[in-house]
2 protein chains.
Amino acid sequence: MPECHYQHTLANGLTLLGEKMSGVESAAMTLLVPAGGALDPPKATGTGTVLSDLILRGAGQRDSRQLTDYLDSLGLQRASTVGVHHSRLSCAAVAANVMQSLPTYADIVRRPHLPPAGFQAARDLALQSLASIDDEPRQKVLIQLRQWHFPWPFGRNVMGEKDELERLSLELCRQHHARRFHPNGAILALAGNIDFGQLDREVEQAFGDWPAAPEEPVSLVPPPGDFHHEPHESEQTHIGIAYPSIEETHPDYYTMRLGIEVLSGGMSGRLFTEIREKRGLVYNVWAGYNSLKGYGSILGYAGTSNDRAQATLDTFIAELQRLSDGVTEAELDRAKIGLKAATIMQGESTSARSGSIAHDYFIRGRIRTLDEIKAAIDAVSLEQVNAYLKNNRPEKFTIVTIGPKPLKAP
Amino acid sequence: MPECHYQHTLANGLTLLGEKMSGVESAAMTLLVPAGGALDPPKATGTGTVLSDLILRGAGQRDSRQLTDYLDSLGLQRASTVGVHHSRLSCAAVAANVMQSLPTYADIVRRPHLPPAGFQAARDLALQSLASIDDEPRQKVLIQLRQWHFPWPFGRNVMGEKDELERLSLELCRQHHARRFHPNGAILALAGNIDFGQLDREVEQAFGDWPAAPEEPVSLVPPPGDFHHEPHESEQTHIGIAYPSIEETHPDYYTMRLGIEVLSGGMSGRLFTEIREKRGLVYNVWAGYNSLKGYGSILGYAGTSNDRAQATLDTFIAELQRLSDGVTEAELDRAKIGLKAATIMQGESTSARSGSIAHDYFIRGRIRTLDEIKAAIDAVSLEQVNAYLKNNRPEKFTIVTIGPKPLKAP
């Protein structure tokens with residue numbers, strides 16, 4: 001797919017990114033504002049999540065209902081979520097309609113009404129959403145894994161904590177908005193059937209006079225790690241496993257990624273064939289790389305029946321450690337093909353590309369082309385992968401289990 | 001997006017469908033074999049699901065490991081699932097690799113080894129997967145809703161029933177394969193960067209001499225419907241609601257769909273604004289059309305805290321019934337834009353298109369272009385929608401709840 005990129009940082013610090021994609025009618029937008037869960041005020045975990053709902057309840061000249069109706073009248077498929085680093089707004093539609101929505105997204109992040117009634121509803125929904133996780137142990141184990149494995153405040157639960165959400169005030173939400181929603185550090189990325197000249201003009205007009213604000217660095221507290229169990233009456237046990245890895249900007253990044261792909265890529269991955277296919281121990285098992293700024297990890301999950309839980313944990317750890325004995329040429333070839341195929345498929349989706357270029361810029365300060373990614377994958381040799389795996393044996397595991405009985409730590 | 005379609009039914013009854021998509025490197029394949037959950041042998045619910053795993057454990061000249069390795073060496077992103085009507089195999093990758101995989105997919109459906117050890121593992125995984133649903137009440141309520149709402153055997157749980165899976169034999173799986181895996185009624189659909197001439201030759205060669213077998217019609221038993229409750233200790237209550245609708249081939253299909261879009265499309269949909277945004281009753285609520293051959297339904301879900309469950313059910317039913325009072329011009333306009341936008345976005349994904357043309361052919365006997373779908377949506381008038389809604393008041397509800405306390409039926 002032919003590519004063409006655009007990058008321009010406005011005077012106020014907002015970075016505009018564009019990728020022109022041929023053969024598509026649509027465009028997709030990703031707007032990252034540096035107000036993620038890690039930046040929630042102290043003892044007010046979940047503020048960003050409540051705020052990400054509240055900013056949509058009226059902004060600029062439109063009240064809540066008018067705003068929702070207007071965005072739907074453009075046919076936008078849209079989402080708002082909160083991650084560790086950013087509050088994220090995204091949408092996709094026919095390209096002209098995504099362009100037309102930009103001034104309204106500027107209203108949403110710059111001029112939200114933050115009304116009292118909307119605050120009550122948004123906080124109630126955040127509390128309900130949090131409570132619903134009790135019925136979803138598969139999600140719950142990953143939330144807890146992040147809490148124990150990531151350095152604070154990266155590991156904070158972006159959904160919030162019950163007592164802190166109950167004490168949250170509209171006033172604090174307003175302060176948080178004033179303090180964290182600013183253009184410096186924000187990224188606006190569009191991919192699809194777009195014209196860079198028009199895009200630049202529209203963005204300058206809608207976001208150009210958004211005033212910058214001081215950035216406050218986050219200091220990280222090392223994670224507790226270790227082995228944790230939460231009792232839960234069920235026939236199933238859910239296991240989360242994490243260990244530290246290198247950052248995405250590290251020169252060995254693709255060397256490491258290809259090792260993990262041998263472990264858990266496709267259906268020929270070792271976890272799948274050893275734990276699921278051969279031994280029938282689990283119905284669901286995976287491991288994957290997780291990228292935070294300044295902190296890379298491998299996160300893994302297995303869900304299984306209680307009687308197979310200890311064997312599953314033991315086998316999972318054994319497979320992780322067996323990686324240091326190296327992989328075969330055939331395994332590496334499949335891993336390369338799998339990673340490149342995923343890159344190509346992702347390159348055909350405007351939504352995936354707008355998210356990817358925004359992530360690329362945040363982590364690396366620039367956009368990478370798909371050809372550059374493919375070349376980086378191809379450049380890795382078997383010797384490099386096996387040397388990396390030998391010298392970087394998985395260790396310092398954080399393990400979280402949810403089920404009726406604790407398991408023995410490996 | 002320019003379109004170009006190909007359709008050819010082989011002498012043995014297999015229908016080959018193609019859609020050429022510009023600007024993409026990839027292709028996606030969907031293969032539907034008429035061996036869905038509704039066709040599982042009597043008292044052997046889940047046979048199709050076990051078989052859909054088992055056919056991948058060695059086929060043609062390759063044993064289980066060789067088969068998995070080979071498909072992964074093509075970089076295929078692949079899936080196998082079982083629906084009501086079909087066992088479905090799908091994959092996506094660079095177009096040449098999808099083409100190259102076709103003879104192997106022919107091996108999988110025509111010449112699987114069905115080995116005894118593989119059978120044990122596949123059945124164990126099916127049992128584990130079924131047991132895991134006990135930890136997923138949100139999924140469980142929809143499975144039960146289908147069981148009570150669809151006519152038998154459409155409502156059978158494709159995942160299987162515990163006692164029937166425990167009694168399932170390899171012999172029965174082999175019989176089921178011999179009886180149900182045949183080309184007549186099967187559909188092979190490819191979308192993406194494909195050449196129709198080459199596709200036709202490859203498919204004739206790989207599938208042309210697959211012998212047809214007798215088709216056995218399914219007789220439907222009317223569904224029990226009604227109101228059901230399953231006790232489950234939790235702070236959450238999960239509600240499933242269903243009622244009969246028209247078939248997808250009915251002339252009023254888009255008229256009906258636009259009414260449901262007003263109810264539950266986008267964030268301005270009535271369910272979302274009335275139940276979630278205004279009243280803060282639920283964290284998750286939706287309703288949508290479900291298409292089976294000869295049987296259309298509306299299925300809906302709401303998940304909420306126990307103290308709000310009765311109010312949520314009452315409001316959900318009230319909103320369904322309020323539809324018969326009609327919708328506004330503005331609501332209909334947004335609904336049209338939303339449905340068309342979804343159609344356009346879907347038109348840019350090779351995977352979505354290969355699935356859609358296969359579904360189209362199964363339901364309608366032909367492929368529709370995206371322009372035809374958009375024109376059908378545009379042709380619907382406000383008068384038509386409101387007349388339809390007035391004359392087709394939702395009734396004969398099936399309602400399933402999972403939570404600590406039963407609710408009052410409306």
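Which backbone oxygen does the side chain of S324(B) reach? In this predicted model, the side chain of S324(B) comes to 2.7 Å from the backbone oxygen of Q321(B). Let us start with that serine and then walk through the rest of the structure.

## A serine between two helices

S324(B) sits in the loop that runs between α11 (306-322) and α12 (329-346) of chain B. Its relative accessibility is 11%, so S324(B) counts as buried, the cut-off being under 20%.

Which residues does S324(B) touch once its neighbours within four places in sequence are set aside? The contacts are L389(B), K390(B) and R393(B). A related distance involves P394(B): S324(B) and P394(B) are 70 residues apart along the chain, yet their C-alpha atoms are separated by 8.1 Å.

Next comes N12(B), which has its place in the loop between β1 (5-9) and β2 (15-20) of chain B. N12(B) counts as buried because its relative accessibility is 9%. A polar atom of the N12(B) side chain lies 3.1 Å from the backbone nitrogen of L14(B). Leaving aside neighbours within four places in sequence, N12(B) is in contact with P183(B), N184(B), F207(B), G208(B), D209(B), W210(B) and A212(B).

T249(B) gives you another loop to look at, the one between β8 (236-245) and α9 (253-264) of chain B. Is T249(B) buried, exposed or partly exposed? With a relative accessibility of 46%, T249(B) counts as partly exposed. Apart from neighbours within four places in sequence, T249(B) is in contact with I363(B) and R364(B). From T249(B) to K293(B) there are 44 residues in sequence, and the C-alpha to C-alpha distance is 9.2 Å.

## A buried glutamate in chain A

Now turn to chain A, where E19(A) lies in strand β2 (residues 15-20). E19(A) has a relative accessible area of 1%, so it is buried. Which residue does the side chain of E19(A) meet in a polar contact of 2.8 Å? The partner is the side chain of R353(A).

## Backbone details to look for

Some details of the backbone deserve a look of their own. In chain A, the peptide bond between W152(A) and P153(A) is cis, with omega of about 5°. P153(A) belongs to the loop between α5 (137-149) and α6 (162-167) of chain A. In chain B, a cis peptide bond likewise runs from W152(B) to P153(B), with omega near 5°. P153(B) is found in the loop between α5 (137-149) and α6 (162-167) of chain B.

Positive phi values are another detail to look for. L114(A), a residue other than glycine, has phi near 50°. L114(A) is placed in the loop between α3 (95-110) and α4 (116-132) of chain A, and it is buried, with a relative accessible area of 5%. D226(B) is not a glycine either, and has a positive phi of about 80°. D226(B) is in strand β7 (residues 226-231) of chain B, and at 54% relative accessibility it counts as exposed.

## Where the two chains meet

How many residues does each chain bring to the contact? Chain B gives 60 residues and chain A gives 60 residues. About 5,100 Å² of area is buried between the chains, and carbon and sulfur atoms give 49% of that area.

Between chain B and chain A there are 6 salt bridges. One of the side-chain pairs that meet in a salt bridge is R334(A) with D69(B), at 3.5 Å from N to O. The two chains also have 21 residue pairs in polar contact. On the side of chain B that touches chain A, the largest share comes from helix α4 (residues 116-132) of chain B, with 7 residues. The residues on that side divide into 19 nonpolar, 24 polar and 17 charged.

## How the copies are related

Conventions: Residues numbered from 1 in each chain as written. Chains lettered and ligands numbered in written order. Heavy atoms only, no water. Contact = heavy atoms within 4.5 Å. Buried area = accessible area lost by both parts, 1.4 Å probe. Salt bridge = Lys/Arg side-chain N within 4 Å of Asp/Glu carboxyl O. Polar contact = N/O pair within 3.5 Å; in protein donor to acceptor, adjacent residues only side chain to side chain. Helix = DSSP H or I, 4+ residues; strand = E, 2+ residues; numbered from the N terminus. Nonpolar A, V, L, I, M, F, W, Y, C, P; charged D, E, K, R; others polar. Buried < 20%, exposed > 50% of the residue type's maximum accessible area, 1.4 Å probe, protein only.
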